[in-house]
Amino acid sequence: MAIIDVLQSIIPIALFYSAPLIFTALGGVFSERSGVVNIGLEGLMVMGAFVGIVFNLTFADVFGSFTPWLSILVAAIVSSIFSILHAVASVSFRADQVVSGVAINFLALGLGVFLTKQWYGKGQTDMVSQPFYSKNVPVLSDIPIIGEMFFSGAYYTSYLAIGLAVLSWFVLYKTPFGLQLRSVGEHPMAADTNGINVYKIRYIAVMLSGALGGLGGSVFALTIALNFSGATIVGQGFMSLAAVIFGKWHPLGALGAALFFGFAQSLSIISANIPFLADVPKVYLTIAPYVLTILALAGFIGRAEAPKANGDPYIKGTR
Amino acid sequence: MKKNRLLLLFGLLLSAILVLSACGNSDDADSADEGTDGSDGNASEETNDFSVAMVTDIGGVDDKSFNQSSWEGLQAFGAENGLEEGTGYDYAQSDQDADFLPNLNRLVQQDFNMIFGVGFKLAEALKEVADQNPDTNFAIIDSVVEGDNVASITFAEHQGSFLVGVAAAMKSETGKVGFVGGEESELIKKFETGFVAGVAAVDPNIEVEVDYAESFGAPDKGKAIAANMYNNGVDVIYHASGATGNGVFAQAKDIKNGEPDRDVWVIGVDRDQYDEGAINDTNVTLTSMVKRVDTAVQQVTAQAMNGEFPGGEILTFGIEEEGISVADTNEEAYTEEVDKAVQDWKQKILDGDVTVPSTDEELETYMDSL
C-alpha cells in the first residue's frame, strides 16, 4: 500500500472521528479560559445528542434534508441553556466547579434516558431517518490527490468544526471580548478593577461551552450513532477534555489534539493493512492518545499550563 | 463557643436522624415487602402454585434486546398458564450493577419459585443468592453458574453465525466479507469462528477480514472499522458488537446514500436488526443472527413448573432447540437462492453432517477438513 493510499484511507476516517471532539474541546477551551473548570462536557454532549436525535425524529418529515442542520442548531441552543445550571452553581453560588460539572454529567444522562423512556416507551430511540451523509465537495474534490484525501466522502460537519476552531482562535486572541475572557480566567480581580464584569463573562463562556458541547454531541449522534441511548456518549466528553489539556487550552491546540486523536484511532484500525505497522500490536496505537495526554499533563511535552484562575470562584471585593 | 456547641449538637441530631431513618426505611420496606408478598404468595398459591420472575440487566425490559426478549418469554408463559403479572410472573429492573443482588434477594423473599438472571453480568450475584437459597430455582442466561438449583442457559451462537456466514458468502460479489467483534472473548470468538466456517463452507476462497473494536459501546470505532473494510472491497459485514454495531450500520447507510447502486450489507446480531438498516426506500440489513431468548426462557420455565427443572445443567439452545434463527425480513436482499443455501446447511447441521467450530483450534481442524 503506497503512502498516498494509506493517507487516503486514514484522513476521511480521522476527520469524521475528530469532528465531535473538536466542537466539544472548543467548548472546553472557552469555559476553562474564563476560569470555570468544565468536567461537565460529557453531560453537555449527552444533552446535545439527546436533543439532536429527538428533534430529528420529530421534525424529519417537516424539514426534509435540512433536518440535521436544524437539529444541531437546536441541540446547541438547548445545551447552552442547560449549561446555565453549571454557571449558576459555579459562578454565582461559588460551588466546587468539579462537583458541579460531575452533577451536570449525571443529570444529563439521567434526564436523557428518563425522557427517552417517557416519550418513546423504550430504552433507546429509533434510528433517525435524516442523519448527516458524507458528500464529495464540489470542485475541490476534483483536485488530484488532495481532493481525494480531504474533500471526498467527508462530512460537512468536519469542515464546520475546523472552521469554528479558527473562528474561536480569532475571537479569543484578536477581539476585545477574547481578551476580556482570557483576563477573567487569569486574574479576575485585575479584570474587575478594569471594569470587566467577571460574572457576565464567565456566564457567557460557560454558555458557549454548552452550545459547543451540544454541537459536538449532536454531530456525534447524527453522523455516527444515529440513535440515542444511555450508551451513545461514553467517554467522548472526557476525551475532549483531554484534547483541551493536550492542546494547552488553545483553540488551535485543541483542534490539533482532537485531530491527532482521530488520526491515532484510524491508524490503529488501518495498521493491519500497512506493511511496517502490521506487526505492531494494535493496543499501542489505541492507547497512544491517552498516554500522550498523561505525558503532556506530567510536563514531558512542553508545559501544559492551565489558566491561573481556573477553578477559583471569584468573590467580588476579596483580595 | 456556645454557637459551636449548638452546631455540634445540631450536627449530631442530623446524623442521628439520618442513621435512624435509614434503618427505619429499610425495615419498613422489608416488612412492607413481606406483607404484600405474604398475601400475594398465598393468593397465587390458591390458584396456581407456580410463579416466576426475572432480574434484568441494566438495559431494562424495553431494550429491544435480551431483557425484552426474556420478558416476552415470561409474558407468553404467563398468558399460556393463566398467571397474573405481578404475582404469577414479574420482573425487577436493575439500573446499575449494584442492583443485581438486592433485586435477586427481593424476588426470593417474594417467594417466586423460579428466578432468571438475564445476562452474564448477573452471574456472580446469582451464584451468591442461589447458594443461600437452595429451595428456589434459578437460571442464568448467557453464562454458566454452578449449583444444583441453577440452570445455565447458553446459546449455540456459532451455529447461527455459521448460517449467516453462508448467507454472506452467497451474497458477496467482491469475494471479501468482514467480521466486527466487540471485546475479544470466548463468547465473541464463537461468533467469529462460526461465521468464518460458514463462509468457507460455501467458498473457501472468500476472504474474511476480522477486527475487534475492543468495546461494545463505541459506535465511532465501529464506523471507522466498517469504513476501512468497505474501502478494502468488503461488501458484507457481520457485527457482534452491541452498540458499536450502530457505527457499522451508519457507515453502510452512508455509502448507500452516496452510491445507491453499490451493494453493501450488514448482518445484525442477537435480534432482527432490520429497522436499523432502513435508508430511503431500501435496506442494508441482509439478515440477522437471532438468539431466541424468549423460547429458552419459556422452555426452562415450563420444565420447572412440571417438576423437571434442569438444575445444575448447562443447557445449550441451538438450531435444534429453536434457540437460534436467521431473520428473513429483508425479502429484497435475502433472496430465495440465499435462503435455500442457508436451509441446506441448517439441515446438514441438524443431521450432524457438519460440526460447527466454536474455538480457534476447532476452526483450524475444520478448515483443514474442507
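## An enclosed strand in chain B

Seven of the seven residues of strand E12 (residues 285–291) of chain B are buried, so this strand is largely enclosed by the rest of the structure. The model is a predicted one.

E12(B) pairs with strand E9 (residues 265–270) of chain B through five bridges, and the two run parallel. Within E12(B), B:Val290 stands opposite B:Asp270. E12(B) is also joined to strand E14 (residues 324–326) of chain B, here by three bridges and in the antiparallel sense. B:Met289 has B:Val326 in E14(B) as its bridge partner.

## The six-stranded sheet

Chain B also holds an open sheet of six strands, in the order E2-E1-E3-E4-E5-E13, with parallel pairing. Its edge strands are E2 (89–92) and E13 (314–317) of chain B, and each of them pairs on one side only. On average, neighbouring strands of this sheet are turned by 20° against each other, direction ignored.

E1(B) and E2(B) run parallel and are joined by four bridges. B:Val52 has B:Tyr89 in E2(B) as its bridge partner. Two helices pack on this sheet. Helix H2 (residues 66–81) of chain B touches E1, E2, E3 and E4 of chain B, and its direction makes about 175° with that of E1(B). H4(B) touches E3, E4 and strand E5 (150–155) of chain B, and its direction makes about 170° with that of E4(B).

Strand E1 (residues 52–55) of chain B runs parallel to E3(B), with four bridges joining them. B:Ile115 in E3(B) stands opposite B:Ala53. E3(B) also pairs in the parallel sense with strand E4 (residues 137–141) of chain B, again over four bridges. There, B:Gly117 has B:Ile140 of E4(B) as its bridge partner. From E3(B) the chain crosses through helix H4 (residues 123–132) of chain B to E4(B), and this β-α-β crossover is right-handed.

## Two helices that cross

Two packed helices are described by the angle between their axes and the distance between the axes. For helix H5 (residues 157–171) and helix H10 (residues 336–351) of chain B, the axes come within 9 Å and cross at roughly 145°. H5(B) passes H10(B) in a right-handed crossing.

Residues that make the contact include B:Leu163, B:Val166 and B:Met170 of H5(B), along with B:Val338, B:Trp345 and B:Ile349 of H10(B). By class, this contact has nine nonpolar, one polar and three charged residues.

## Where chains A and B meet

The contact between the chains takes 25 residues from chain A and 28 residues from chain B. On the chain A side, the elements giving two or more residues are helix H1 (3–33), helix H10 (198–225) and helix H12 (251–270) of chain A. H12(A) gives the most, with four residues. The chain A side divides into 11 nonpolar, 12 polar and two charged residues.

## A closer look at A:Gln8

Is A:Gln8 buried or partly exposed? A:Gln8 counts as partly exposed, because it has 18 C-beta neighbours inside 10 Å. A:Gln8 lies in helix H1 of chain A. Not counting residues up to four places away in sequence, A:Gln8 touches A:Glu148 and A:Met149. A:Ile270 is 262 residues apart from A:Gln8 along the chain, and their C-alpha atoms are separated by 11 Å.

How values were computed
Residues numbered from 1 in each chain as written. Chains lettered and ligands numbered in written order. Predicted model: local features only at pLDDT ≥ 70, side-chain atom pairs only at ≥ 80, totals over all residues. Buried ≥ 20, exposed ≤ 12 C-beta atoms within 10 Å, placed from the backbone. Pairing = 2+ DSSP bridges. Right-handed = clockwise from strand over helix to strand, strands pointing away. Contact = placed C-beta atoms within 7 Å. Nonpolar A, V, L, I, M, F, W, Y, C, P; charged D, E, K, R; others polar. Axes fitted to C-alpha atoms, helices over the stretch in contact; angles between N-to-C directions. Left-handed = near helix turned anticlockwise from the far one by under 90°.
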